[in-house]
Amino acid sequence: MRVGVLTGGGDCPGLNAVIRAVTKSLINHGQCEVLGIADGFEGLMLDPPAVKPLGWDEVSGILHLGGTVLGTSNSANPLRDQATLERVGRNVQALGLDVVVAIGGDGTMSLAHGLADQVGLACVGVPKTIDNDIANCERSFGFDTAVATATEALQRIESTANSHHRVMIVETMGRHAGWLALESGIAGAADIILLPEIDYDLQAIIDVCRAREQRQRYTIICIGEGAKERGHALTTGLHVAGGTQASRLGGIGHVLRERLQPQLRSDVRTTVLGHLQRGGYPTPFDRVLATQFGHHAARLVLEGRFGRMVTLQAGEITDVEISRVANTQRTVPPDHGLLTMARDIGICLGEPPARA
Ligand code: F6P
């Protein structure tokens, strides 16, 4: 059997561990050839396609490396027009690919689902994201590493905030899901955690900062990039690159600083963690989870169970239909235990005080 492997969408620590596990499991089985596809679906859209054979040597020594040895693309869309679709179909035929293992987020899963429909390309999905927002998957690899990086940043910020008696705002990634801000905020001892799922009340934040000005004399605010003030719009920026423009989340930490500073005596500063959260070595937890995901993906391939995505549910590695994942997001539910716990231990979630 000929199996293609690609990584699509934003990179994430643990991708190489998946590539390694898929390849080694399939090669060990004895009857598979593995082809690495360059830069996500882009590699299948080129004429000639950009692929390279993956053998034991190519995937040895990469378990711990950040990024992806195959390269990735956020913008490659094989469904964009009929000519591209036909080229992809021809390439798949010419390469003799029986199935592609697509490692990516919800966008990659929806492209895989679309290709199955349009050109009959069999796919097996492996979820990745530092945002932990893939539907029907309780934890994706990359998240643990991102939480560890953001937590360390919060701790480092705390010592300087304390010395200078400042209000420090730390903006995390996470798109429209607050998992990264919530878990790193709790682990990094933030006083205020602001999530996309709970529009914040500015006065509630001012009150906490003012009270802390009297006693602790510093405050740490952890805010997810998709958070917003009640009654205000999302903060996005226009990003222009390579002739295309896209609207990107980010910058709410600066917006909050502008709104808070006039209300407080303390100096208010913002740090945007950005791509630091995506780079570098995966944690041991992510290396193990990514290896388990890759191994399970290889099993799906060998059993001919195509159109499915590997997932983690109730602590078990299992799989779901890709169509149940494509273009949907998993956000923090309002009754999540971590939210209740955060409130109980005095973390402000930006909610107005409950009326008596
Ligand atoms: O989905 C992962 C993520 O890191 C988001 O948290 C963030 O909004 C986005 O990717 C940024 O992606 P890029 O800078 O690659 O466009």
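Analyst: A crossing is left-handed if the near helix is turned anticlockwise from the far one by less than a right angle, and right-handed if clockwise. Helices (H or I, at least four residues) and strands (E, at least two) are DSSP runs, numbered from the N terminus. The model is predicted, with local features needing pLDDT of at least 70 and side-chain atom pairs pLDDT 80 or more, while totals for chains, interfaces and linings use all residues. Residues are numbered from 1 along each chain as its sequence is written, and side-chain values use heavy atoms, without hydrogens and water.

User: In which hand does H6 pass H10?

Analyst: Leu182, Glu183 and Ile186 of H6 meet Leu338, Leu339 and Met341 of H10, where contact means heavy atoms within 4.5 Å. As H6 passes H10, the crossing is left-handed.

User: How far from an oxygen atom of the ligand does a polar side-chain atom of aspartate 131 lie?

Analyst: The residues surrounding the ligand include Asn74, Asp131 and Arg248, each having a heavy atom within 4 Å of it. A polar contact is a pair of N or O atoms within 3.5 Å. For asparagine 74 the distance from a polar side-chain atom to a ligand oxygen is 3.0 Å, and for aspartate 131 it is 2.6 Å.

User: Is the peptide bond from aspartate 47 to proline 48 cis or trans?

Analyst: Proline 48 lies in the loop between helix H2 (42-45) and strand E3 (51-54). Most peptide bonds are trans. With omega near 0°, the bond from aspartate 47 to proline 48 is cis.

Methods
Polar contact = N/O pair within 3.5 Å; in protein donor to acceptor, adjacent residues only side chain to side chain.
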